[in-house]
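Subject: Structure handover and notes

Dear colleague,

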Amino acid sequence: QPDDRGLIGEVPVLRVTRRGPEAVHFVPAALEPGAEVLLSLDWERRFDHMQQHSGQHLITAIAEQMFGFKTTSWELGRQRSVIELDTPSMTAEQIEALERSVNEKIRERVPVVVRELAADDPEVETVRSRGLPDDHAGPVRVVDIEGIDSNMCCGTHVSNLSDLQVIKLLGTEKGKKNKTNLVFLAGNRVLKSIEQSHSTEKALTSLLKNGPGEHVEAVKRLQSSVKLLQKNNLNLLRDMAVLIARDFKSKPVQSQLFVLHRKEGDSEFMNIIANEIGTEETLLFLTVGDEKEAGLFLLAGPAEAVENLGPRVAELLGGKGAGKRGRFQGKATRMSRRGEVQALLQEFISHRSPEA
């Protein structure tokens, strides 16, 4: 169970840990030894942990009683908690029956009692336990859910199962070998989850212009439409790339440098242009994406020129890339410096010998 938070006087408690029988508090400022202070507990955090921890005890006990599934470990997370059960799997019917049973116990208002036993008390051997820490000192703390469970535990708990309000089992996830992770929410976390789901539902209702029962089908239709649009867009980009290349090649006198930027393009768009134009004689600098910030670039041309210029182009554009066989491509973060790259390439061409 995570540690508590709060204030010692006006000083916030950053962390609490155990050292033997002592609770060690970490604070950002020194406190006067012997001073009388008011301790203020973050009750919302504490009560949340109490609900999740008592909920885990209840789920663990009922899962073992109903199905013989023993708990091997558990985690109290910030948003949800997970119990590791010693079973390869759980069926949906078992999860539903377990959820129904634990909530019945909550409605029965079963008391939860904390007892302290001497370490040598024979009763210690009868309670469920994972063993005492090596540095344990003092009495042994036992948490009893009346008629349901008796468990050795140092955590904080509710005094009655009714304080749990409700438990929701969210299903299972694959755990370690032959183990199953059971995910759950207890108490106020269930209410928060419902509120979050309701807010999402309202937003989707407004966006999709239909009721909650039709949301899934509406999203499926949108996904199909997007896939079709993406396919059509890709085909148009391919056709456009071919036309751009043919237009360049149709000119009576072809430039030794071809520069093009297109916001909507992609790597395939650039490579089609390079393939169509040919890079034996022409140096191509192609970019796609945001005109000022991030995007993709391709430098293509004679292999020796590209090998020499590629890393310098990537550096100017604030990006990284790699190349082989007359092509150097990669990602850029400073597309606003395309003009500087073009000037670099123009200078290179102007100084290139006719044989290069």
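Before the pocket is described, one term is needed: a pocket here is an open set of grid points with protein on both sides within 12 Å along at least five of seven lines. Please also bear in mind that this is a predicted model.

The largest pocket has a volume of about 1,400 Å³. Its lining is made up of 41 residues, and those closest to the centre of the pocket are Arg 18, His 53, Cys 153, Cys 154 and Gly 155. When the lining of the largest pocket is sorted by class, it has 16 polar, 13 nonpolar and twelve charged residues. Several elements supply at least two residues each to this lining, namely the strands β3 (15-19), β4 (22-26), β6 (71-76), β9 (140-145) and β10 (149-152), together with the helix α1 (43-67). The largest share, six residues, comes from α1.

Helices α3 and α4

Helix α3 (residues 188-208) packs against α4 at an angle of about 50°, with the two axes 11 Å apart. That angle makes α3 oblique to α4, and the crossing of the two is left-handed. On the α3 side the contact is made by Glu 201, Leu 204, Thr 205 and Leu 208, while α4 brings His 215, Ala 218, Val 219 and Leu 222. By class, this contact of α3 with α4 has five nonpolar, two polar and one charged residues.

Helices α4 and α5

How do the axes of α4 and α5 cross, and within what distance do they come? The axes of α4 (residues 215-249) and α5 (residues 267-277) come within 8 Å and cross at roughly 30°, and the two helices are therefore roughly parallel to each other. The crossing in which α4 passes α5 is right-handed. Among the α4 residues that meet α5 are Leu 234, Leu 237, Met 240, Ile 244 and Phe 248, and the α5 residues they meet include Phe 269, Ile 272 and Ile 273. The residues of this contact divide into twelve nonpolar and four charged, with no polar ones.

Helices α6 and α7

Helix α6 (residues 303-316) and helix α7 (residues 338-351) pack with their axes 10 Å apart and at an angle of about 155°. Since angles over 145 degrees count as roughly antiparallel, α6 and α7 are therefore roughly antiparallel to each other, and α6 passes α7 in a right-handed crossing. The contact is made by Ala 305, Asn 308, Leu 309, Arg 312, Val 313 and Leu 316 of α6, together with Glu 340, Val 341, Leu 344, Leu 345 and Phe 348 of α7. Eight nonpolar, one polar and two charged residues make up the contact of α6 with α7.

With best wishes

Definitions and conventions. Residues numbered from 1 in each chain as written. Predicted model: local features only at pLDDT ≥ 70, side-chain atom pairs only at ≥ 80, totals over all residues. Heavy atoms only, no water. Axes fitted to C-alpha atoms, helices over the stretch in contact; angles between N-to-C directions. Helix = DSSP H or I, 4+ residues; strand = E, 2+ residues; numbered from the N terminus. Parallel < 35°, antiparallel > 145°, perpendicular 65-115°, else oblique. Left-handed = near helix turned anticlockwise from the far one by under 90°. Contact = heavy atoms within 4.5 Å. Nonpolar A, V, L, I, M, F, W, Y, C, P; charged D, E, K, R; others polar. 1 Å grid on protein atoms, 1.4 Å probe; cavity = no way out; pocket = protein on both sides within 12 Å on 5 of 7 lines; lining within 4 Å. Points joined across faces, edges and corners; volume = space filled by probe spheres on them.
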